[in-house]
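This report looks at pockets and at one residue that helps to line a pocket. The structure comes first.

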Amino acid sequence: MGTSLQVHPFAGLMNEVEKDVVRVLFNREPAGVAELPAGISEEKFKQLKKEAETGNQQAMIFVQLLAQHMSGFKFNSEDNKRDLFVQGDCDPCIEAFVKELGWEEDFKKIITEVRDEFKNRQNSQETKEASS
């Protein structure tokens, strides 16, 4: 949410979930999108996939190797079954998402708990600094 997904640990989070888990990116623009290695066009990759589907062993191995090295979101891929991009500012998008799912009360409770914890830590740090 709201990151370029260029800096770790956030950059690696999308790959830390199981293959059947839906991944949603809330951001102003797509980020962390999977890319084919240099020299392999989308058209060539599609051709290899078709050859692999016919039983061509070399194509199957090559497609598997490419897929392993293509980490990231696959928003525009024909075989995308789990990646969703929600464009916009994070806070309003998340609020709409939470509302649509009927999670408003739980979300408000979590936000209040997190804000209170943050304030408590901030106050504790200020007290430590004042006593030093």
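The largest pocket holds about 440 Å³ of space. It is lined by 20 residues, and Phe45, Lys49, Met70, Ser77 and Asp79 are the closest to its centre. A pocket is an open set of points on a 1 Å grid over the protein atoms alone, where a 1.4 Å probe fits, with protein on both sides within 12 Å along at least five of seven lines; lining residues have an atom within 4 Å of a point. Points are joined across faces, edges and corners, and the volume is the space filled by probe spheres set on them.

This is a predicted model: local features need pLDDT of at least 70, side-chain atom pairs count only at pLDDT 80 or more, and totals for chains, interfaces and linings use all residues. Residues are numbered from 1 along each chain as its sequence is written, and side-chain values use heavy atoms, without hydrogens and water.

| Pocket | Volume | Lining by class |
|---|---|---|
| Largest | about 440 Å³ | ten nonpolar, two polar, eight charged |

Ala, Val, Leu, Ile, Met, Phe, Trp, Tyr, Cys and Pro count as nonpolar, Asp, Glu, Lys and Arg as charged, the others, Gly among them, as polar.

α2 (42-53) gives the most to the lining of the largest pocket, six residues. Methionine 70 sits in the loop between α3 (57-69) and β2 (83-87). Helices (H or I, at least four residues) and strands (E, at least two) are DSSP runs, numbered from the N terminus. Methionine 70 is buried, at 11% relative accessible area (buried means under 20%, with a 1.4 Å probe and protein chains only).

Terms used:
Buried < 20%, exposed > 50% of the residue type's maximum accessible area, 1.4 Å probe, protein only.
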